[in-house]
Amino acid sequence: MRRSVPYRMVRPVLGSPFHLLVLLCSFALCAYAGVRLLDGDWFMVMLWFVGAAVLHDLVLLPLYAAADRALVKGAGSRRRVWVPYLRVPAALSGLLLLVWFPLITGRVSERYAGVAGLSADGFLSRWLLVTAVLFGGSAVVFAVRLRRRPPADD
Amino acid sequence: MARSFLPTRPGRGPFSPDFWRSPLRGPRFTSVLGVVLLAGITILFVTGLLSYAAYNPDLAPVNDKTPDKGILGFYLFSWPTDPPWLYRLTQGVHVTLGLALVPVLLAKLWSVVPKLFTLPPARSLTHALERISLLLLVGGALFEFTTGILNVQLDYVLPGSFYPLHFYGAWVFFGAFVAHVVLKAPVALRNLRKMREGSEGSEGSDDAADELVAPRPDRPTVSRRGALGLVGGGSLLLLATSAGRSFDGPLRETAVLTPHGGPEPGSGPNAFQINKTAAYAGIRAAETSEEAWRLAVRGRSGTVRLSRADLLGMPLHSAALPIACVEGWSTSDQWWRGVRLRDLAALVGHDDPADVFVESLQRHGAFRRAALRANQVADPRSLLALFVNGEELTLDHGHPARIIVPAAPGVLNTKWVARLTFGDL
């Protein structure tokens with residue numbers, strides 16, 4: 001009993017000792033690799049590392065969440081039935097743009113053509129084509145579903 | 001709720017639990033994505049380490065872009081030459097799987113974003129450290145995916161060379177990833193078991209207290225299954241528009257948005273993927289002409305200078321081997337014909353297996369000089385190729401002569417070879 005008194009006092013400040021041990025081991029490895037990662041232009045590398053998290057959590061995520069919210073709100077409660085048919089192709093097309101924007105926007109076109117001997121011209125038009133197919137396909141599925149089962153008002 | 005007992009003022013905006021409205025968020029949604037990432041990222045890490053070993057960085061300084069690696073190179077081994085498609089497989093998986101995991105990673109981060117804003121910022125020392133570890137985890141994951149995705153598109157905006165950034169970044173990320181898995185995987189697996197045991201549908205009563213669950217959720221606009229379907233659909237879409245670039249012909253044409261996807265360059269026997277064109281590497285036709293070009297072969301017994309005609313006079317051998325790039329694309333087997341590297345080694349007094357230092361005419365580029373290990377030189381399929389698919393090499397494929405070694409990463413198959421130095425490096 002006597003031993004549990006100081007432990008109870010310490011525990012809320014310290015937290016779980018097992019978690020603490022795991023985290024300290026993890027930090028040792030992170031630090032060993034981290035000093036090597038930062039050897040060079042440490043400020044820019046740090047900026048990229050932390051900036052990636054900040055840009056995602058505080059810019060990209062709020063942006064697409066707000067866009068989705070606007071879509072749902074804009075649809076109104078009676079027309080919500082078509083929301084997924086817009087949301088899905090928009091999300092998929094946006095995903096492709098997010099991953100391939102250097103090629104789609106043409107910012108690496110010259111280097112790509114010079115390095116690989118391949119044309120970099122088609123990426124924008126192919127992305128637009130895939131986007132059109134996604135939205136078109138979604139519209140077709142929506143039309144078929146509507147025919148089979150008219151939406152119930154709510 | 002446990003939260004209300006804490007001696008803090010309720011937060012505003014995103015710091016308030018009420019701010020987060022999606023009924024999708026909850027331990028089950030996060031657990032499914034987490035377990036997928038656990039498997040996927042483990043494969044990415046292992047294939048990444050294999051790719052690092054494939055460069056034989058411990059063989060010679062020219063192969064080593066991370067000389068300060070220290071114990072991080074603990075596992076290095078002599079990269080084998082069998083099976084010849086080994087690097088094609090491991091690196092194809094590394095890049096293609098990485099692309100397919102992008103939507104899973106994004107969804108996982110979305111599902112836990114309210115935790116970024118939890119108050120108080122730290123409940124204990126361990127909790128504070130855990131949040132720092134999460135910054136390394138999230139920053140590390142995004143750093144690794146971003147550097148990889150930019151590099152395969154040749155978008156060299158990175159704050160340094162890709163190799164050390166992606167390699168050391170991977171270890172920083174992995175350190176945080178292991179801690180996260182140790183602390184969270186048991187919970188995630190328990191959640192999945194509960195889901196499988198039946199209480200499918202709405203979050204169970206014991207989940208309601210989880211801080212991921214919105215206390216005042218909006219009306220659902222999509223089911224959890226539907227949302228997971230969208231994430232999986234995104235993965236499939238990325239897979240379908242990328243995987244083809246590990247193959248030739250019509251399959252490559254399906255990789256519509258991916259570098260080295262689409263139609264092959266040019267036509268004829270030399271119409272297969274080029275990593276770096278002769279123009280980009282700064283190769284001039286005058287240096288590669290029959291009169292000008294001589295191959296210097298150095299070794300134990302001195303230096304031999306060979307013209308292309310001299311090489312053609314040596315025994316020629318064939319090997320069907322692929323080209324596989326660190327960027328994740330590869331070609332099927334091409335039919336190469338040329339002089340065996342081990343015959344060239346024997347020419348300068350190395351009848352026993354020896355390492356070789358290869359130098360190109362190329363003026364710039366990280367791998368204009370590269371080293372191959374004795375096991376690679378000794379393989380009878382390792383050639384100084386003069387022909388491919390029955391025709392002379394074109395300038396873009398390394399005319400007058402190039403290295404081709406089974407299972408080696410593309411950049412170690414040096415083009416426009418000018419000098420071979422056999423012996424200890």
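Me: Let's count two strands as paired if DSSP finds at least two bridges between them. Which strands of chain B form a hairpin?

Reply: Those are E1(B) and E2(B), with 2 residues between them. Bear in mind that this is a predicted model.

Me: Thanks! How many bridges join E1 and E2 of chain B, and in which sense do the strands pair?

Reply: There are 5 bridges, and the pairing is antiparallel. E1 of chain B covers residues 295-299, while E2 of chain B covers residues 302-306.

Me: And what is the bridge partner of Val297(B) in E2(B)?

Reply: Val297(B) is partnered by Val304(B).

Me: Switching to helices. At roughly what angle do H3 and H4 of chain B cross?

Reply: Roughly 155°, and their axes come within 12 Å. For your selection, H3 of chain B is residues 102-112 and H4 of chain B is residues 125-152.

Me: Why are H3(B) and H4(B) called roughly antiparallel?

Reply: Because angles over 145 degrees count as roughly antiparallel, and the crossing of H3 and H4 in chain B is at roughly 155°, H3(B) and H4(B) fall in that class.

Me: Left-handed or right-handed, when H3(B) passes H4(B)?

Reply: Left-handed.

Me: Which residues meet there?

Reply: From H3(B) you have Val102(B), Leu105(B) and Leu109(B). From H4(B), they meet Val138(B), Ala141(B), Leu142(B), Phe145(B) and Ile149(B). By class, the contact of H3(B) with H4(B) has 8 nonpolar residues, with no polar and no charged ones.

Me: Last topic, domains. Where do the domains of chain B run?

Reply: The domain assignment gives domain 1 as 2-240 and domain 2 as 278-422. The C-alpha centres of domain 1 and domain 2 of chain B lie 41 Å apart.

Me: How many residues of each domain of chain B are in contact with the other?

Reply: 30 residues of domain 1 of chain B contact 30 residues of domain 2 of chain B.

Conventions:
Residues are numbered from 1 along each chain as its sequence is written. Chains are lettered from A and ligands numbered from 1 in the order in which they are written. This is a predicted model: local features need pLDDT of at least 70, side-chain atom pairs count only at pLDDT 80 or more; totals for chains, interfaces and linings use all residues. Side-chain values use heavy atoms; hydrogens and water are left out. Axes are lines fitted to C-alpha atoms, for helices over the stretch in contact, and angles run from 0 to 180 degrees between N-to-C directions. Helices (H or I, at least four residues) and strands (E, at least two) are DSSP runs, numbered from the N terminus. Angles under 35 degrees count as roughly parallel, over 145 as roughly antiparallel, 65 to 115 as roughly perpendicular and the rest as oblique. A crossing is left-handed if the near helix is turned anticlockwise from the far one by less than a right angle, and right-handed if clockwise. Contact means heavy atoms within 4.5 Å. Ala, Val, Leu, Ile, Met, Phe, Trp, Tyr, Cys and Pro count as nonpolar, Asp, Glu, Lys and Arg as charged, and the others, Gly among them, as polar. Domain bounds come from an automatic or database domain assignment.
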